2 protein chains.
Amino acid sequence: MTEQISGFVPHDHHHCITSALDTAADQCRERGVQFTPVRKRVLEILLEAHTAMGAYDVLARLDAEGLGSKPPVAYRALSFLVEQGFAHRIEKLNAFVACSHPAATHSPAFMICRSCNTVAEADMPETFGAPAEQAGFTIEKTVIEAEGICQNCKDSE
Amino acid sequence: MTEQISGFVPHDHHHCITSALDTAADQCRERGVQFTPVRKRVLEILLEAHTAMGAYDVLARLDAEGLGSKPPVAYRALSFLVEQGFAHRIEKLNAFVACSHPAATHSPAFMICRSCNTVAEADMPETFGAPAEQAGFTIEKTVIEAEGICQNCKDSE
DNA sequence: AAGGCAGTGTTATAGTATAACAAGTGCGCA
DNA sequence: TGCGCACTTGTTATACTATAACACTGCCTT
């Protein structure tokens, strides 16, 4: 399955955008949370960008569309999306990216190309199992990010 | 070996500070880079704190001692320490922590206790091996951080 | 109608980080 | 000796990232 790591392979953006939006809307309905216009639009912006965006980049888009011009508007929507698992925060970049497989609950891992800035998501369960157990440490959230260079960029050097 | 994950166990701070400073000094000599007073003092501050510190916390200490009062002074020293592997940046906290085993070249992983803020370092090689290879992605740096609660804090709840 | 809750709008400010340039220091070499 | 070079530090200014706090709205409930 190359599906698992979709970041670096070309694919049908339009389809993955509408399908991700639909999934998100469904999950919001199931969970009894609101998929408001701002929240939906922010997710859409992230999906369209198809890469990690800073909160202020997102905000600039919102502003251009009259959906909000002040930082909290963007940060609130982004926080919501991250809480619901529709987007992820990339700590290393202080940026946000739409989730590649919003249906699954996962602890995601990211590969960040320093050349083209693409962010690919992979599932990496169990990473901390052994050392954490050894230390009696109970894990609640993990951040797993790798910076490097992707095949495409490597090829064109 | 509990040595491997030393963050949460009590130990001789004075010894680990002087020994880490000596190691750093040795490595600087070997590598032909300068272990200047500011750099040394910043490492010492991190070692004394024995937890992650923000750049501005470090800067406040430097300022109190007349070693520098402007952000770039702290950031430069911290960047140097991170480059040389004497300290690590914790992305999730926007903070820095002294390296627990400065002699080894490693790709470190951290466990961050959200209760006592202790940061424990473990070595976690190979984390990204399979998915990265699969995607043709060449890894240059990794960020691996887990947030949770440590045994001590769990016990005292 | 009254009260509560979730979301949004806005002001203001806190916290994190770096670009750019000036100036000092040590060192090798003409 | 004195020049130039590499490196580090000092400083100003500013950019980028993030959140606290409070006002307002709409909607649902009692």
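This briefing describes helices and selected residues in chains A and B of a predicted model. Local features need pLDDT of at least 70 and side-chain atom pairs count only at pLDDT 80 or more, while totals for chains, interfaces and linings use all residues. Residues are numbered from 1 along each chain as its sequence is written, chains are lettered from A and ligands numbered from 1 in the order in which they are written, and side-chain values use heavy atoms, with hydrogens and water left out.

**Helix α1 of chain A**

- Helix α1(A) covers residues 13-31, 19 residues in total; helices here are DSSP runs of H or I with at least four residues, numbered from the N terminus.
- From first C-alpha to last, α1(A) reaches 27 Å, close to the 27 Å expected at 1.5 Å a residue, where the expected span is 1.5 Å times one less than the number of residues.
- Its buried residues (under 20% relative accessible area, with a 1.4 Å probe and protein chains only) are A:I17, A:A20, A:L21, A:A24, A:A25, A:Q27 and A:C28.
- These residues lie on the same side of α1(A), because they cover an arc of only 165 degrees around the axis; the arc is taken from the directions from the helix axis to the C-beta atoms.
- An α-helix has 3.6 residues a turn, so residues three or four places apart point the same way.
- The buried residues of α1(A) pack against α2 (37-49) and α4 (71-83) of chain A.
- On the face turned away from the buried side, α1(A) carries A:R29 and A:E30, which are exposed (over 50% relative accessible area).

**Packing of α2 and α4 in chain A**

- The axes of α2(A) and α4(A) are 9 Å apart and meet at an angle of about 80 degrees; axes are lines fitted to C-alpha atoms over the stretch in contact, and angles run from 0 to 180 degrees between N-to-C directions.
- The two helices α2(A) and α4(A) are therefore roughly perpendicular (65 to 115 degrees).
- Contact, meaning heavy atoms within 4.5 Å, is made by A:V38, A:R39, A:V42, A:L43 and A:L46 of α2(A) and by A:V73, A:A77, A:L78, A:F80 and A:L81 of α4(A).

**Individual residues**

- B:R41, in helix α2 (residues 37-49) of chain B, is buried at a relative accessible area of 15%.
- Leaving aside neighbours within four places in sequence, B:R41 is in contact with B:E48, B:R61, B:L62, B:E65 and B:L67.
- A:T18 is found in helix α1 of chain A and is partly exposed at 32% relative accessibility, a class between 20% and 50%.
- A:T18 and A:E44 are 26 residues apart in sequence and 8.5 Å apart in space, C-alpha to C-alpha.

How values were computed:
Angles under 35 degrees count as roughly parallel, over 145 as roughly antiparallel, 65 to 115 as roughly perpendicular and the rest as oblique.
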